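Thanks for coming, everyone. Let me put the structure up and we'll walk through it.

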Amino acid sequence: MEQVNGDTLAAARKVIAVHINYPSRAAQRGRTPAQPSYFLKPSSSLALTGGTVERPAGCELLGFEGEVALVIGKAARRVSLEDAWSHVAAVTASNDFGVYDLRYADKGSNLRSKGGDGFTPVGTALIPADAVDPSLLRIRTWLNGEIVQDDTTEDLLFPFARLVADLSQLLTLEEGDIILTGTPAGASVAQPGDVVEVEVSTTAGADGGAPLTTGRLATTVTEGTTAFADFGAQPRVDDTQREEAYGSREAAGLPAEAGSAPGAGAAVVRSLSPELKAKLESVATATLSSQLRKRGLNNVSIDGLQATRPDRRVVGLARTLRYVPNREDLFKTHGGGFNAQKRAIDSVNEGEILVMEARGEKGTGTVGDILALRAQVRGAAAIITDGGVRDYSAVAGLDMPTWFANPHPAVLGRRHVPWDTDITIACGGTTVQPGDIIVADSDGILVIPPAVAEELVDDCIQQEKEETFIFEMVKQGNSVDGLYPMNAEWQARYKEWEAGQ
């Protein structure tokens, strides 16, 4: 394949970029456009692989976005959807760098925030357009060797041919022009010294051969030393820009917004001390249930599920995932790529329990072996779903337990659209919020509000001590009349027994 070189860059009179095109990015941003929208990057922003990009002096947020770049091979003006792809000569990898510190400056044009010298590296090789299916490409990005973006072009909001045809309605796409086709979820911020690499490849080789690849487009970030002059816009950031640049408040290290309900991308307060966890592990689920009932909490059990590991008992904080009934148009926008299901699995933390709302729908799987394994590798304590489990034998073979309604071989999309994460959901007949404490074992699954947990478990420990005494007294031949529950006489005898322990 031909390598991207200086001639390639010199031929590009225009660089056109698409705002949002991947469902995973749309979900992350919280907006799904009905039509594509674009901005221009100057051709002087183009750079070759192996180079550097400067984070301007005084700037904090240099964002990177791995993208598939289209290189126009012949002029396109008012072309049809059917003919549009024939005007593309090649695809390659690109990185759409930009400084969020200057987004405010040009009223949405992105000229200064995205147009700096070196802000659009492309390469390393050109994959001929006639050798690929544009819907079967893979885009991956690495930050310092760790993969941070991984998606395919299968479920794009706006397929590549549509972008070419749409742009050609009003302007002539000329030979050598480059179209950046959008970035998936996972785009974030690079610091001076970081190395960002982007690769585009085919998801399968032609005739069973090896996949075609551009190779890795590598760019090293450097720190600028020349300050902005005072006669132009100055770098300026706030927490909104930090959240946009990093992808979420949590990724940016920001606290959840005061008074806001947890929602997609929101930071959820999570705190389960080792001492509280140990106490909860020490008491029976039945005891917890009775103490919850004493506090007026009757509808706090997730019912009707079975466990892959009935021998296991888990205690952890809830992360939540909601599915909605399948609707084909919504599955196209929310079901593919790095969807809510994959985001939930890929962000669950050590000791957390992923709870899924599947509406009790048993006609398809809601988790299978690969994603369950990923949750286990992430350190999840368990998965709980009131829907089906696919690849049951493999899921049951994992050390991490899964509670589920039934095995089912069908894929998720038969009945569900993965919709949202870290929100209030319903599972197995009860309400679960992110950060609720889940206790699950062979006796059942309980949802404990964090606000009552400390007092609740202390009362449970006391109750079980009393029940140990009662058990011993019954074992010695005493009647349960007046003993269970204890009357005043038995309470006095219990105090004596307790003092002697």
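Is K465 buried, partly exposed or exposed? K465 counts as partly exposed, because its relative accessibility is 34%. Keep in mind throughout that this is a predicted model.

Stay with K465 for a moment. Its side chain meets that of E498 in a salt bridge, 3.1 Å from N to O. The pair ties together distant parts of the chain: K465 sits in helix α13, E498 in helix α14, residues 488-499, and 33 residues separate them. E498 is partly exposed too, with a relative accessible area of 23%.

That is one of the 30 salt bridges the structure holds. Here are two others.

Take R25 and E65. Their side chains meet in a salt bridge, 3.3 Å from N to O. This pair also links distant parts of the chain, 40 residues apart: R25 lies in helix α2, residues 23-29, and E65 in the loop between β5 and β6. Both R25 and E65 are buried. The pair belongs to a wider group. Salt bridges with shared partners join R25, K41, E65, D96 and K114 into one network.

Next, E197 and R216. The closest N and O atoms in this salt bridge are 3.4 Å apart. E197 is in strand β14, while R216 is in the loop between β14 and β15, 19 residues away. E197 has 18% relative accessibility, so it counts as buried. R216, at 39%, counts as partly exposed.

Now a charged residue without a salt bridge. D194 is in the loop between β13 and β14. D194 is buried, and the nearest side chain of opposite charge, R55, is 8.0 Å away. What does the side chain of D194 make a polar contact with? The side chain of N144, at 2.9 Å. Leaving out residues up to four places away in sequence, D194 touches L143, N144, T219, T220 and V221.

β13 brings us to a sheet. It is open, with 3 strands in the order β8-β5-β13 and antiparallel pairing. β8, residues 98-99, and β13, residues 188-190, are at the edges; each has a single partner strand, so one side of each has no neighbour in the sheet. Strand β5, residues 62-64, is joined to β13 by 3 bridges. In one of these pairings, L62 has A190 of β13 as its bridge partner.

On to helix α8, residues 285-294. Which of its residues are buried? T285, T287, L288, Q291 and L292. They lie on the same side of α8, because they cover an arc of only 155 degrees around the axis. The other side has A286, R293 and K294 exposed. What do the buried residues pack against? Against α7, β27, β28 and α13. After α8 comes G296, with a positive phi near 80 degrees.

Last stop: Q169. This residue is in the loop between α5, residues 160-168, and β12, residues 178-180. Its relative accessibility is 47%, so Q169 counts as partly exposed. Not counting residues up to four places away in sequence, Q169 touches R77 and R78.

How values were computed: Residues are numbered from 1 along each chain as its sequence is written. This is a predicted model: local features need pLDDT of at least 70, side-chain atom pairs count only at pLDDT 80 or more; totals for chains, interfaces and linings use all residues. Side-chain values use heavy atoms; hydrogens and water are left out. Two strands pair if DSSP finds at least two bridges between them. Helices (H or I, at least four residues) and strands (E, at least two) are DSSP runs, numbered from the N terminus. Buried means under 20% relative accessible area, exposed over 50%, partly exposed in between (1.4 Å probe, protein chains only). Contact means heavy atoms within 4.5 Å. Lys and Arg count as positive and Asp and Glu as negative; His and the chain ends are not counted. A salt bridge is a side-chain nitrogen of Lys or Arg within 4 Å of a carboxyl oxygen of Asp or Glu. A polar contact is a pair of N or O atoms within 3.5 Å; within protein, one must be able to donate a hydrogen and the other to accept it, and residues adjacent in sequence count only if both atoms are side-chain atoms. The arc is that of the directions from the helix axis to the C-beta atoms.
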